[in-house]
Amino acid sequence: MTSPVHISEHAGAVLIEIDHPPVNALSASVRTALADTLARLAAAPGVTSAVLACRGASFVAGADITEFDAPPVMPLTGDLCAALEASPFPVVAAIHGTALGGGFELALACHGRVIARDAQVGLPEVRLGLIPGGGGTQRLPRLIGPVAALEMIASGRMVPAAEAASLGLVDAVATDVLKGARTLALALAGARRWRKLGSQNPAPSDPAAWDDARRRWTQRARGQAAPVAAVAAVGWSVMVPFCEGLARERRASLAMRVSPQSRALRALFRAERQATKVPHVASGVRRSRDIADAGVVGGGLMGTGIAVALAAAGVRVTLVEVSQPAAQAASERVQRLTHRPGARSHADIDVVSDLVALRSKDLVIEAVTEDLSVKLRVLAEAASIVSTDTLIATNTSYLPLESLASAVSVPERFLGLHFFSPAHVMRLVEVVRGPQTDATAISKGIALARRLGKHPVVCRSSEGFIGNRLLMRWRLPCDYALEEGARPEDVDAALEGYGFAMGPFAVADLAGLDIGYATRRRLREAGVRLPRHAPLADWLCEDGRLGQKTGRGWYKYDEARKHTDPEIDAYLARASEARGITRAPINPESLVARVLAVIANEASALLQEQVAMRPSDIDVVLVHGYGFPTWRGGPLHAVDQFGLPPFLSLMEELAARPDWGWEVAPLFRHLAERNRTFHSLASEDVPRG
Ligand code: COA
């Protein structure tokens, strides 16, 4: 077997290259080969300088995540870093692509770093429920100070080359990174002096700024263990000697590998990548750039958000509105979104008032108001203008594609691309198969979403697809809890305490209560059979309490600041009275359990109906579209960890209540009665409904 590490002579310096596709992760084979190479070079006479680089698309993207479920195998990344730092000759890292996690730790252990202009570095371990374990928490503060180091480690963010240079993370930015690194390595060797971060004292910091940073990152963690552990680890860099700091970091990092939070985040990482793989859909085009020119019809909040997301990924965009004044308003909306630091310029988006501008587009996304007849008209007009190769997508959030496909002339090229608001920020896109959508259209939809930096999840068309259909169901136990005795702020606090970004009533106020109101009316008129609806939200809408936009909804607002509203009491009392309920508080744990049981039950129906392809896709949808806590891995991962039987008992209890009118999904019962998990489910096991 060929070694994943190669050495060659590079104009006076030794070039050490790692070659381990796809992302040069530090698998055991790479660690062993690199340790051997470093030991051999250290003993070899005549080596005076070296460059550490990678073949392929990227520098080392970190530890091999697939190894984390097994016990660690020596040598560890920290051992490689120690060997690099102790090398008798200077080694300079030549960074292209991404140097992440253990990759960036190797670079920190080198004696210099040169980065390509379009490369990025980062320590994203917290995003996997970990802290860096190869010395990153001890060397980085010695390079840029503990405050800046903590910001990088606790956020896990990627730092682009220019910022890396200004922060002092790298010595130089270069167009030819190998040449730049070699020049630096030769210069260090010539000067006979090179810097070893491990031998340095930590860079000084203002004690008040450090206290403030520690407090801020601890508060922000909101239930997540890794950022809090990062605060402690960076603290060691200023409190204890380097060796002791390294030993503590390694112990903490290895212990976190087996923590439930890290397991959950790793499961989510796998789920996100799995979601891009669809049977019978070519994966080679996952990142293709064949959509160069796109049109978006509808310049409301959603349409402008989509246009901005497309433009940010380098797609030329034409945004079409119905009239000149509407186009002007859309243009102003785009300007507001793009006039933010780092945003792409407004000039990348043309705003027009004539659909003819769609003629030569590769893709047209309809994002007009959620009204079947309006959507049908717009789709038919767009289809009559574009070529037969153009992909036509609807951004509907509820309407089944069966009811829209008749409007387009080539239904094979018609699909749903369901973005979430604000579309330039939210990372989920449901890629929806219509009745005749072909594999090419799905594959292009996936590729586009990935190019926008979003997580695509492919699903079959159904009322509300995956996310909104689940939302419609799991909102109900929250509404029922208000009738039983909870206040909106109790329910929000229970779910936020579980880790949701925002509780459902705060979200409803933000989105506007009228949206749900209109959807419920439409569903009722369409004869869709739903569990009992609690009328409270309708009463609020009928009294003009539409949420933040009217200053009152479930809460009251002054300048977007939320307050509990005593006026809600009368509505709550009326709702309880209407159901003959004596109000009594509900404990937060049982409310969360009800929500999870309802999600698990409806998810089973989605799997059985083949609307969702796999349980992990449902986890990706709820995490990236609905604020479900990442570190719980998604609702089905969470239910699996707990075991299904208690949730089945709870679901049966809820289903037996005459005023709930729920049914236990056959697949949920099937799994729970056999004490199986969702994620043990192979598609062939799913009893089809
Ligand atoms: N270990 C093992 N496999 C990894 C990996 C890692 N650290 N990072 C990425 N991969 C795999 C992915 O699973 C994927 O495999 P697949 O093609 O079989 O699905 C492949 O590499 C490409 O990754 P993908 O994320 O699809 O490509 P991308 O170009 O969008 O992103 C990265 C590349 C490196 C930015 C991204 O994969 C990433 O952030 N990886 C994790 C980095 C990290 O957290 N490192 C610290 C680990 S402690």
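## A buried phenylalanine pair

Phenylalanine 668 and phenylalanine 678 are both buried; buried means under 20% relative accessible area, exposed over 50%, and partly exposed in between, using a 1.4 Å probe and protein chains only. The model is predicted: local features need pLDDT of at least 70, side-chain atom pairs count only at pLDDT 80 or more, and totals for chains, interfaces and linings use all residues. Residues are numbered from 1 along each chain as its sequence is written, and side-chain values use heavy atoms, with hydrogens and water left out.

Rings of Phe, Tyr and Trp (its six-membered ring) pair if their centres lie within 6.5 Å; planes under 30 degrees apart count as stacked, over 60 as edge-to-face and the rest as tilted. The count by this rule is 9 aromatic pairs. In one of them, the ring centres of phenylalanine 668 and phenylalanine 678 are 6.3 Å apart and the planes lie at 10°, so the pair is stacked. Phenylalanine 668 belongs to helix α26 (residues 666-673) and phenylalanine 678 to the segment after α26, so the contact ties together parts 10 residues apart in sequence. Helices (H or I, at least four residues) and strands (E, at least two) are DSSP runs, numbered from the N terminus.

## Other aromatic features

One aromatic cluster is formed by Trp474, Tyr498, Phe500 and Phe628.

Two arginines sit over rings. A charge qualifies if NZ of Lys or CZ of Arg is within 6 Å of the ring centre and within 35 degrees of the ring normal. Arginine 220 covers the face of tryptophan 217, at 4.5 Å from the ring centre. Arginine 532 places its charged end over tyrosine 480, 4.3 Å from the ring centre.

## The eight-stranded sheet

An open sheet of 8 strands runs in the order β12-β11-β10-β13-β14-β15-β16-β17, with mixed pairing. Its edge strands are β12 (349-352) and β17, each pairing on one side only. From one strand to the next, the twist averages 25°. Two strands pair if DSSP finds at least two bridges between them. Strands of a sheet pair through backbone hydrogen bonds, either parallel or antiparallel.

Strand β14 (residues 391-394) is buried on both sides: Leu391 and Ala393 point one way, Ile392 and Thr394 the other. Strand β13 (residues 363-366) runs parallel to β14 and is joined to it by 4 bridges. Leucine 363 has leucine 391 of β14 as its bridge partner. Right-handed means that, with the strands pointing away from the viewer, the path from the first strand over the helix to the second runs clockwise. Strand β15 (residues 414-419) is parallel to β14 as well, through 3 bridges. Alanine 393 has leucine 415 of β15 as its bridge partner, and threonine 394 stands opposite glycine 416.

Strand β16 (residues 428-433) and β17 run parallel, joined by 6 bridges. Glutamate 430 partners valine 457 of β17. Of the 6 residues of β17 (residues 455-460), 5 are buried, so the strand is largely enclosed by the rest of the structure.

Helix α15 lies across β13, β14, β15, β16 and β17, at about 175° to β16. Angles run from 0 to 180 degrees between N-to-C directions, and axes are lines fitted to C-alpha atoms, for helices over the stretch in contact. Contact means heavy atoms within 4.5 Å.

## Strand β4 and its neighbours

All 5 of the 5 residues of strand β4 (residues 91-95) are buried. Val91, Ala93 and Ile95 cover one face; Val92 and Ala94 lie on the other. Strand β3 (residues 50-54) pairs with β4 in the parallel sense over 3 bridges. Together with helix α2 (residues 77-85), β3 and β4 make a right-handed β-α-β unit. Strand β6 (residues 112-116) is also parallel to β4, with 4 bridges. Alanine 93 is the bridge partner of leucine 52 and of arginine 113 in β6.

## Serine 27

Where is serine 27 found? It sits in the loop between β2 (13-18) and α1 (28-43). Serine 27 is buried, with a relative accessible area of 6%. Leaving aside neighbours within four places in sequence, serine 27 contacts His20, Asp64 and Glu67.
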